[in-house]
Amino acid sequence: MRTFDVVRFSFRSATGFRTRTLLILLAMAIGVGAVIMLTALGEGARLYVTREFTSLGTHLLIVLPGRSETTGGPPPLLGETPRDLTLDDALSLKHSSAIRRVAPIAIGSAPVSWQQRSREVTIMGSTAELFDIRQLSMAQGRFLPAGKPTLQTAVCVLGYKVKNELFGNASPLGKWLRIGGRRFRVIGVLTPKGQSLGTDMGDIAIIPVASAQALFNTSSLFRVIIQASGRDSVARAKKAVLDTIRDRHEGEDDVTVITQDALLSTFDRIFTALTLTVAGIAAISLAVAGILIMNVMMISVSQRTTEIGLMKAIGASGGQVLRLFLSESAVLSAIGALLGVMLALIGTWTSLRLYPDFPVTIPWWSLIAAIGVGMLTGLIFGVLPARRAAGLEPVEALSRR
Amino acid sequence: MIELQGISRKFQVGNEAVHALRSVSLGVKPGGYLAVMGPSGSGKSTLLNIIGLLDRPDQGVYLLDEQNTTDLNDRQQAAVRRHKIGFVFQFFHLVPRLTAAENVELPLILAGFDADERKQRVQNALSALGIADRSRHRPDQLSGGQRQRVAIARATIMRPGIILADEPTGNLDRASGREVIDILENLNKQGMTLIMVTHDPELGRRASRRIQMIDGRIQSDKAQTHEDI
């Protein structure tokens, strides 16, 4: 028997029994499609988080006031009150060679009004260096001027959303608006950048950090964002930050430094594990598909008992019957797997249409694995029915009508 | 040359053992025309199945062309069936989803012939049986007589030495039954051994040799005489 003829015969029986074929194809397509779709979602989540972090800028360290680590041991007798992180702390960090840029950040919320319009907006106080650290870009005008950070200058930069809501299509440059009780002159508008780590850079007004501290009547900072001078110097920069702050805070380690890379790789690991878990769950659905294939093939063997008897009578050996039935399950699961891939492609396409921000991508390994596992399932679960067909006694098979 | 020596076959039906064949011995020369007759349950079909290697005897020796078939494994038996034996059944047993030509082609596919030769042989066989114009029809589009002719074409496509027919006219009207018998007898005249199981005494009388079976035994074994005609 030639391989080509075996495959052709399988195709003929696949088209000969429509309902059965459709059932098997459906089971296989859903199984394979589920595996690919779910891994694509997991991969999408991973990429989404990675992208969020890189949109923050590169080689970043974030310094937060207070310690988040627990040290164990007995609780301190005298309560540990973390010192505030001040503007001077932030500026002193600039002396390290491992640190290229430092952006102190003070944050608060205040009404911003121009003429009759007023909006409650997140006010971010920072310095000119924030521009490069966060990789911002300007739609109009310019960013905060580089100058002495301790200087209270009455200028502000608006997010594009705030600008649209207050000024519409008119140019805001040079206009004086009111933030809280103070007046600020608009010197620039940011381009739309979208969300990054929960802060909507469109719905924001940026003012010099000293002005923000005066506005909110505080001397502490929300956090300090630091850009290391290179990827290799991130660790050195972290040490420099801790050392400097310890010196300035009378030997207390009362800040937490988060490096972007550490965060990223942690999230990366979490999401890889998540993707694999989801893929495993999907693989179970593939196994279910396999069992369905086995059932349907089993029924097919009983339905075609006479045919099998006849094949034996005209000279088919048990091995040939086995080959015919196995190749039938293989052909069916191959087509089913291809349909599953198409299903998954349609699914990802639709989800990209609906949620363009969420990058659902099919990793190539999941494509290959899903098709491979699908075919394998079809073959493995095809063995039992095929063996049953091959083992039928021709006389008994023929005596049934 | 078919040679059965002391063949027995019994089946288990519920708690009862049914002896389908009790120590049957029979020899059939090449080119012979044998009718097997007898009431239902007398073992006619079992005898035919054993000759056709569709069933294995519990006891006894079956020599086909001086070869002991009881020693052969499944694959070798399949090869013998493929090359030496053609079956014609009462219920035709055509594969319903395949066309007439494809049904006839099946034994050639199993034997691994290439597509060109298959096509050639199938065309010839269908033309010889007068159903060339039906080659693209499926069995449910054919009459009973046409179906049986397709079945005969399939049985003879490998040019076997032996044709085994189990009630080949049992499901046909008189006229088409007549045609089918003519075809089979024609094949016999060309030198194929024809063994036919039948209920019909009239058909039986046409054979050059008749055996009558009762209760798994050969009761009588007669060559054709002039009185019968």
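Figure 1. Val88(B) stands opposite Ala165(B), a residue of strand E7(B). This is a predicted model, in which local features need pLDDT of at least 70 and side-chain atom pairs count only at pLDDT 80 or more, while totals for chains, interfaces and linings use all residues. Residues are numbered from 1 along each chain as its sequence is written, and chains are lettered from A and ligands numbered from 1 in the order in which they are written. Here E6(B) and E7(B), which covers residues 162-166, pair in the parallel sense over 4 bridges. Strands pair if DSSP finds at least two bridges between them. Strands (E, at least two residues) and helices (H or I, at least four) are DSSP runs, numbered from the N terminus. Step back, and 6 strands of chain B form an open sheet with mixed pairing, in the order E6-E7-E8-E3-E9-E10. Its edge strands, E6 (85-88) and E10 (217-223) of chain B, each pair on one side only. From one strand to the next, the twist averages 15 degrees. In a regular strand, side chains alternate between the two faces of the sheet.

Figure 2. Chain B contains 7 helices and 10 strands. Of its 229 residues, 47% count as buried. A residue is buried if 20 or more other C-beta atoms lie within 10 Å of its own, exposed if 12 or fewer, and partly exposed in between, with C-beta atoms placed from the backbone. Now find helix H1 of chain B, residues 44-51, which is mostly covered, with 8 of its 8 residues buried. Among the buried residues are Leu47(B), Leu48(B), Ile50(B) and Ile51(B), and also Lys44(B) and Asn49(B). After H1(B) comes Leu53(B), with a positive phi near 60 degrees.

**Figure 3. Helices H3 and H5 of chain B side by side.** Two packed helices are described by the angle between their axes and the distance between the axes. For H3(B) and H5(B) (residues 144-156), the angle is about 25 degrees and the axes are 7 Å apart. Axes are lines fitted to C-alpha atoms, for helices over the stretch in contact, and angles run from 0 to 180 degrees between N-to-C directions. H3(B) and H5(B) are therefore roughly parallel to each other. Angles under 35 degrees count as roughly parallel, over 145 as roughly antiparallel, 65 to 115 as roughly perpendicular and the rest as oblique. In the contact, Ala100(B), Asn103(B), Val104(B), Leu106(B) and Pro107(B) of H3(B) meet Val150(B), Ala153(B) and Arg154(B) of H5(B). By class, this contact has 6 nonpolar, 1 polar and 1 charged residues. Ala, Val, Leu, Ile, Met, Phe, Trp, Tyr, Cys and Pro count as nonpolar, Asp, Glu, Lys and Arg as charged, and the others, Gly among them, as polar.

**Figure 4. Where chain B touches chain A.** On the chain B side, 22 residues are in contact with 22 residues of chain A. Two residues are in contact if their C-beta atoms, placed from the backbone, lie within 7 Å. Helices H2 (74-84) and H3 (100-111) of chain B each supply at least two residues of the side that touches chain A. The largest share of that side, 6 residues, comes from H2(B). Sorted by class, the side of chain B that touches chain A has 12 nonpolar, 3 polar and 7 charged residues.

Figure 5. H10(A) and H11(A) pack at an angle of about 150 degrees, with their axes 7 Å apart. The two helices are therefore roughly antiparallel to each other. Their contact residues divide into 19 nonpolar, 11 polar and 1 charged. The loop between H10 (318-354) and H11 (364-391) of chain A holds Phe358(A). Phe358(A), with 13 C-beta neighbours inside 10 Å, counts as partly exposed. Phe358(A) and Ala45(A) are 313 residues apart in sequence, yet 7.3 Å apart in space, C-alpha to C-alpha.

**Figure 6. Strand E2 of chain A and its partners.** Look for Pro111(A), which stands opposite Glu120(A) in E3(A). E2(A) and E3(A) form a hairpin with 2 residues between them, and Gln115(A) in the turn has a positive phi of about 50 degrees. E2(A) is also joined by 6 bridges to E11(A) (residues 223-228), again antiparallel. In that pairing, Ile99(A) stands opposite Ala228(A).
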